[in-house]
Amino acid sequence: MNKQKFFTGRKKGFTLAEVLIVLLVIGIIAAFTIPLLVSKINNAKFVTGLQKAAYTFSNMTNVAQIDVKMDNWNFDLPTEDLANEYIKPHLNVAKDCGTKTGEGCFGKNYTLRDGTADTDYDNSSDYYKLVTGDGISIGIKGIQGCTNENPSVCIEYIVDVNGVNPPNTLGKDVHVFQTLAHLNAVVPYGTFKDGGYNPATGKWTFEETEVASTNCLSGDAKYCTAKIINDGWEIKY
């Protein structure tokens, strides 16, 4: 046998240095791609929860209208009475915290998108708090002075689509909905212009999609719900 040919024909394996370089490259790629992938998965989960919350409000409104049309709701009632009279009977309530504080219907450490602290909803007596059978936390706040003669925001709803679980961030898993006078619906904040009721037509004026998008991206995360819907139910920020 030709020993020289035998040895020179053997395939050369990877050196330790080459293996380490490959692992380093893989690690760098993973460091960039895995967080993006996790963020995309979480965003999809939050959007699904938001869609479920929107359906919950739509169904609640339709059922409630059979009993008492929203135009006939007494929006001057205290928040607790308002929730018990018109809203709670038409929701699948798994946990009812009322206006009590620290009952665990909402999570802890709520923040705005820039990381600054938001309202501690669980310890706020301004909201009537409950959790639906789907695990959605809802805070209900009546706003005094809303009448048919003075159309404005009648009820504010804070919605955490994944309950007490993090990130508890406005514009991600936390959203703001509203009931407006003369509308007979629950809509995301930013759907209509602030103070945009037109008494001549008896209708509310829709907010421009560009305004909702700009406000969301510039820091007013209450508009992010409208932006998500305008973007085809996607979180693009």
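Glutamine 178 stands opposite valine 187 of strand S6, where two strands are taken to pair if DSSP finds at least two bridges between them. The structure is a predicted model, in which local features need pLDDT of at least 70 and side-chain atom pairs count only at pLDDT 80 or more, whereas totals for chains, interfaces and linings use all residues. Residues are numbered from 1 along each chain as its sequence is written, and side-chain values use heavy atoms, with hydrogens and water left out.

Strand S5 (residues 174-180) pairs with S6 in the antiparallel sense over three bridges. Helices (H or I, at least four residues) and strands (E, at least two) are DSSP runs, numbered from the N terminus. Five residues lie between the strands in the hairpin of S5 and S6, and histidine 182 there takes a positive phi near 65°. The pairing of S4 with S5 is likewise antiparallel and extends over seven bridges; valine 153 stands opposite leucine 180 of S5.

These pairings belong to an open sheet of six strands, with the order S1-S2-S3-S4-S5-S6 and antiparallel pairing. Its edges are formed by strand S1 (93-98) and strand S6 (186-188), each of which pairs on one side only. From one strand to the next, the twist averages 25°. Strands of a sheet pair through backbone hydrogen bonds, either parallel or antiparallel. Helix H3 (residues 79-87) lies across strand S2 (128-132), strand S3 (137-142) and strand S4 (153-160), and runs at about 115° to S3. Axes are lines fitted to C-alpha atoms, for helices over the stretch in contact, and angles run from 0 to 180 degrees between N-to-C directions.

Strand S5 is mostly covered, with seven of its seven residues buried; buried denotes under 20% relative accessible area, exposed over 50% and partly exposed in between (1.4 Å probe, protein chains only). In a regular strand the side chains alternate between the two faces of the sheet.

Aspartate 173 is placed in the loop between S4 and S5 and is buried, with a relative accessible area of 0%. Leaving aside neighbours within four places in sequence, aspartate 173 is in contact (heavy atoms within 4.5 Å) with Phe46, Val159, Asp160, Val161, Asn162, Asn165, Pro166, Pro167 and Asn168. Between aspartate 173 and lysine 193, which are 20 residues apart along the chain, the C-alpha separation is 23 Å.

Strand S7 gives the most, with five residues. The space in the largest pocket is about 170 Å³. On a 1 Å grid over the protein atoms alone, a pocket is an open set of points where a 1.4 Å probe fits, with protein on both sides within 12 Å along at least five of seven lines, whereas a cavity is a set from which the probe cannot get out; lining residues have an atom within 4 Å of a point. Grid points are joined across faces, edges and corners, and a volume is the space filled by probe spheres set on the points.

Three disulfides are counted, a disulfide being a pair of cysteine sulfur atoms within 2.5 Å. The sulfur atoms of cysteine 97 and cysteine 105 are 2.0 Å apart, and their link is right-handed, with 90° about the S-S bond. Cysteine 97 is buried at a relative accessible area of 3%, and cysteine 105 counts as buried at 0%. A disulfide also joins cysteine 146 to cysteine 154, with an S to S distance of 1.8 Å; cysteine 146 and cysteine 154 are both buried. In the disulfide of cysteine 216 and cysteine 224, the sulfur atoms lie 2.1 Å apart, and the link is right-handed with 95° about the S-S bond. Cysteine 216 counts as buried because its relative accessibility is 0%, and cysteine 224 counts as buried at 0%. With the bonded cysteines of the protein chain numbered in sequence order, the pairing is 1-2, 3-4, 5-6.
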